[in-house]
Amino acid sequence: SMTASTTADVWTYTWIAPNQAAVVTYTLDGFDTAGNAYTGSDTLSLSIDNSNPIIESFTDTDLDDIVSASDVVTLTAIFNEAVMSPTISIGGLVANTTMTVSASTNSTTWIYVWDVPTGNDGVYVATVSATDALGNPYTGSDSITFRIDNTIPFITNLTINDENTQLTLTYSEAVELYNPVYSLSNFSVNK
């Protein structure tokens, strides 16, 4: 039942929402002090949302997640429901920075364009924080791990076998050669 306030024309109803997702519709009914029935058709519908948003997909545009200062990486978080201004953090390089909503996605798809900084070689983890329209927080652990490598590799050792038929190069770090087949025309000998 409803409770009268200090004036006869204002009544209140206290209700505790159930711990489940639902749509609840209130319909008004009653009589005035002379016994005349309320004939209006006013209703109030409420959506109950007790569930936390979920990231359905957290991706980036870099193929191997090994990046350098010449890279611009777009990170995309897709949620199962609309969220309010999610933020992204990438190690200590990006801290709680607001992402940008992708048009026509009803606030479910958010992007962040990251210009990889110079220096800062190391491993950095990207994470997202968000809440839905009712304040339910994203509590998942989705992340993307990047390795920033802005150091140019160099040759640390060069050896030739006893028959002078094999040349071995040792680099300061793992490298990917554009063409691992060397020909004699690539080398010159100075006496």
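**Close-up views of the predicted model**

View A. Leu28 counts as partly exposed because its relative accessibility is 45%; buried means under 20% relative accessible area, exposed over 50%, and partly exposed in between, with a 1.4 Å probe and protein chains only. The model shown is predicted: local features need pLDDT of at least 70, side-chain atom pairs count only at pLDDT 80 or more, and totals for chains, interfaces and linings use all residues. Residues are numbered from 1 along each chain as its sequence is written, and side-chain values use heavy atoms, with hydrogens and water left out. Leu28 belongs to the loop between β3 (22-27) and β4 (43-48); helices (H or I, at least four residues) and strands (E, at least two) are DSSP runs, numbered from the N terminus. Apart from its neighbours within four places in sequence, Leu28 is in contact with Tyr38 and Asp42, where contact means heavy atoms within 4.5 Å. Leu28 and Val83, 55 residues apart in sequence, are separated by 32 Å in space, C-alpha to C-alpha.

**View C. The open sheet of five strands.** In this mixed sheet, the strand order is β6-β13-β12-β8-β9. Its edges are β6 (66-67) and β9 (94-98), each of which pairs on one side only. Two strands pair if DSSP finds at least two bridges between them. Strands β12 (residues 122-132) and β13 (residues 143-148) run antiparallel and are joined by six bridges. Opposite Tyr124 stands Phe146 in β13. In general, strands of a sheet pair through backbone hydrogen bonds, either parallel or antiparallel.

**View D. The salt bridge between Arg147 and Asp149.** A salt bridge is a side-chain nitrogen of Lys or Arg within 4 Å of a carboxyl oxygen of Asp or Glu, and by this rule the count comes to one. Its partners are Arg147 and Asp149, whose closest N and O atoms are 3.8 Å apart. Arg147 is partly exposed, at 37% relative accessibility, whereas Asp149 has a relative accessible area of 19% and therefore counts as buried.

View E. Two bridges join β10 to β11, and Thr100 stands opposite Ile111 in β11. The loop between β10 (100-101) and β11 (109-115) contains Thr105, which is buried at a relative accessible area of 17%. A polar atom of the Thr105 side chain lies 2.7 Å from the backbone oxygen of Ser102. A polar contact is a pair of N or O atoms within 3.5 Å; within protein, one must be able to donate a hydrogen and the other to accept it, and residues adjacent in sequence count only if both atoms are side-chain atoms. Ser104 is also found in the loop between β10 and β11 and is exposed, at 82% relative accessibility.

**View F. Positive phi at Ser104 and Asp65.** Most residues other than glycine have a negative phi. Ser104, although not a glycine, has a positive phi of about 60°. Asp65 is not a glycine either, and its phi is positive, at about 60°. Asp65 sits in the loop between β5 and β6 and is buried, with a relative accessible area of 18%.

View G. Strands β14 (residues 155-160) and β15 pair in the antiparallel sense over five bridges. Six residues separate β14 and β15 in this hairpin, and Asn164 in the turn has a positive phi of about 60°. The bridge partner of Ile155 is Tyr171 in β15. Ser172 lies in the segment after β15 (167-171) and is partly exposed, with a relative accessible area of 32%. Leaving aside neighbours within four places in sequence, Ser172 is in contact with Ile152, Pro153, Phe154 and Thr156.
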